[in-house]
Amino acid sequence: MLPSQALLPAVVFALAALQALASDTFTAAVYEHTVILPDLTNEPVSPSEALALMNKNMDVLEGAIKEAAQQGAHIIVTPEDGIYGWRFTRESIYPYLEDIPDPAVNWIPCTDPSRFGPAPVQERLSCMARNNSIYVVANIGDKKPCDSSDSKCPGDGRYQYNTDVVFDTQGKLVARYHKYNLFGETQFNYPKEAEAVTFETPFGKFGIFTCFDILFYEPAVVLVDKMQVDTVLFPTAWMNFLPFLTAIEFHSAWAMGMRVNVLAANTHNTSMEMTGSGIYAPAGARAYSYNMKTEDGHLLIAELDAHPRLSSASPPAVSWNSYALSVEKFSQNDHEFTGIIFEDPFTFTELTKPEGDLTVCQKDLCCHLRYKMAEKRDDEVYVLGAFDGLHVIEGQYYLQICSLLKCPSTNLSTCGESVEMAQTRFEMFSLSGTFGTSYVFPEVLYSGVQLAPGEFQVLTDGRLISQNTTSKPVLTVTLFGRWYEKDPPLTDWTWP
C-alpha cells in the first residue's frame, strides 16, 4: 500500500481531471479571413516564395488567435484556404504542401519541428496554439507519396489532399482530416474513404470536416449520428447562393437540424461572394457575421454549451412530416407555375391574398403554408415553392425543399432568382411538408441577409412557425431537406 503522501498528488490530479471534464460551457472563436492570394500562375514557385506568402496570411491569423485567447477563447477555427488561397493547378500548389502525419504519432511541431521533414507551417501553427494556450484549427495541404502498386496512384506519384489540422493548447497535433467531398478542386485528390475524425477535449467531443462536406452523409452526418460529437469544426470557403445556400442561413440551420454546435469560419472575398461566418448552437446563432460591403476580416467570440444535447436550451427531436401528413390538403389556388432555383425546377404558387392557407406539391412532397402578412404590398410578390428531386449542379444530391420566398420583382418569371432586400413583414407563418427524410434544416432569412434568432421555432410535429410578428421583412422561410438515401454513390461522379 502506498503512503498517503504518495497518493495525494494522484488524487489531486484525478479531481482536477474530473473537474475539467465536467465543464458545462466553453468559449469559441471563429475568424473570417481576407486571404492574401498568390499570383496566378501554372508554374510552381520556389518553396521559399510559397512560405513567404503563407507567412503573410499566418501573420494575420496569429493576430486573431492572440486576440481570441486574450478574450478567453478555448478554441479558434480559421477558414478553408486561409493560408495559401485557391489559385492553383495540381503542379503549382505542390510547394505549399507539407507531409502531415497521423496524430497518433504524438507530435508537437513547435518543440520538434524536423521530426517528419520540413514542416514550417505546422511548426508555426503549433507554436501559435502553445504560446496562447488555445486550440487552433487551420486548413493546409497534405502530400503523400504513392507508387504503381496502388491502382489509384496519380501519374506524378503522389496524393495531394485538402486538409484540416487541429493543435491543442500544448501545440500537439490532435486531429488531421482529408476533405472527402471536393468542390471542383482539381489540385487535390479524393481520399479513398471518408474519414470520421473526432477528438476529446475538457469541453466536449469535437468532429471536423470542410466546406462542401456539410451537404453529404459522409462524413458530416456520420460524425453527429454515429460518433455523437458535441461540436463540429467547419473551415469553409463558401460562395453564397440565395435564396437557400448563403453561409449563415444554411450553417445555422444545419446546427439546428442536427442539434449540435457548429463553428463555421469562412474566407472573405466579396468578388467571389465569399462571406458569412458564425458560432451556431442548436437553438440558434450565438454570433454571426455577413459582410459584402468591405474587405475586412472579422473575429467572432461566443460561449456555447459543451454538451448541447444535454442542455435545457436544446430543442427536442422533431418528426418532420407528422403535421403535414395528418392534415387535409389546404386549398390550392390557380397560380401554380414552374421556376428555377440553382438549376432545380421548383413548383410555385403565388400568395395572392394578405392571408391564407396554401398547398403546393411536387412528386411525393407537399408543402403547406398558413400565413398572414402585416400588409399586402402591390410591389412585392411572394410564392410558396416545392422541390423534390436530384440536384445535379456541382455535385449530385437529393433534396426535398419547402419554401416561402420573395421574388425579385412582380414578374413571376424572376421567382427563385437572387434577392437581398424586402419590405413585407409577416404577422404569422406556419410552414410544413410531407418529408420522406428525417434530415431537415429550418431557415428564416430576413431582408439584408440577416438571421432571425429567437423569432421562430420548430414544433415537434415538423411545423416551422413564427413566434410573433416578424421584426424585419422576410426574404425566405425554408425547410431544406436532404434525403441522403437517394443520393447516387459518390464513385459515380467523383473518381475519374
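A cavity, as the word is used here, is a set of grid points among the protein atoms where a 1.4 Å probe fits but cannot get out. With that in mind, welcome to this predicted model, which has 4 cavities of 30 Å³ or more and 5 disulfides.

**The largest cavity**

- Two elements, β14 (344–350) and β18 (397–406), each give two or more residues to the lining.
- The biggest contribution to this lining is that of β18, with 3 residues.
- By class, the lining residues of the largest cavity are 12 nonpolar, 1 polar and 1 charged.

**The second largest cavity**

- Helix α5 (247–258) and the elements β11 (284–289) and β20 (440–446) are the ones that supply two or more residues to the lining.
- Among the elements, β20 gives the most to the lining of the second largest cavity, namely 3 residues.
- Sorted by class, this lining has 8 nonpolar residues, 2 polar and 1 charged.

**The disulfides**

- Counting the bonded cysteines along the chain, the 5 disulfides pair up in the pattern 1-2, 3-4, 5-6, 7-8, 9-10.
- One of them joins C110 to C127, with a distance of 2.0 Å from S to S.
- Since C110 lies in the loop between β2 (75–77) and α3 (120–132) while C127 lies in helix α3, this pair ties together parts that are 17 residues apart in sequence.
- The link of C110 and C127 is right-handed, with 100° about the S-S bond, and both of these cysteines are buried.
- Another disulfide is formed by C361 and C366, whose sulfur atoms are 2.0 Å apart.
- The link of C361 and C366 is right-handed, at 110° about the S-S bond.
- C361 has a relative accessibility of 19%, and so it counts as buried, because buried means under 20%.
- C366 is buried too, with a relative accessible area of 10%.
- A further disulfide connects C367 with C402, again with 2.0 Å from S to S.
- C367 is in strand β16 (residues 365–373) and C402 is in strand β18, so the pair ties together parts that are 35 residues apart in sequence.
- With -80° about the S-S bond, the link of C367 and C402 is left-handed.
- C367 counts as buried at 0% relative accessibility, and C402 counts as buried at 0% as well.

**T478, a buried threonine**

- You will find T478 in strand β24 (residues 474–482).
- The relative accessibility of T478 is 0%, so this residue counts as buried.
- The side chain of T478 makes a polar contact of 2.8 Å with the side chain of S403.
- Leaving aside neighbours within four places in sequence, T478 is in contact with F244, I401, C402, S403, L431, F441, P442, E443 and L464.

**F88, a residue in a loop**

- F88 belongs to the loop between β2 and α3, and C110 lies in the loop between β2 and α3 as well.
- At 11% relative accessibility, F88 counts as buried.
- Not counting residues up to four places away in sequence, F88 touches P38, I93, Y96 and Q187.
- From C-alpha to C-alpha, F88 and T27 are 35 Å apart in space, and 61 residues separate them in sequence.

Key
Residues are numbered from 1 along each chain as its sequence is written. This is a predicted model: local features need pLDDT of at least 70, side-chain atom pairs count only at pLDDT 80 or more; totals for chains, interfaces and linings use all residues. Side-chain values use heavy atoms; hydrogens and water are left out. Helices (H or I, at least four residues) and strands (E, at least two) are DSSP runs, numbered from the N terminus. Buried means under 20% relative accessible area, exposed over 50%, partly exposed in between (1.4 Å probe, protein chains only). A polar contact is a pair of N or O atoms within 3.5 Å; within protein, one must be able to donate a hydrogen and the other to accept it, and residues adjacent in sequence count only if both atoms are side-chain atoms. Contact means heavy atoms within 4.5 Å. On a 1 Å grid over the protein atoms alone, a cavity is a set of points where a 1.4 Å probe fits but cannot get out, and a pocket is an open set with protein on both sides within 12 Å along at least five of seven lines; lining residues have an atom within 4 Å of a point. Grid points are joined across faces, edges and corners, and a volume is the space filled by probe spheres set on the points. Ala, Val, Leu, Ile, Met, Phe, Trp, Tyr, Cys and Pro count as nonpolar, Asp, Glu, Lys and Arg as charged, and the others, Gly among them, as polar. A disulfide is a pair of cysteine sulfur atoms within 2.5 Å.
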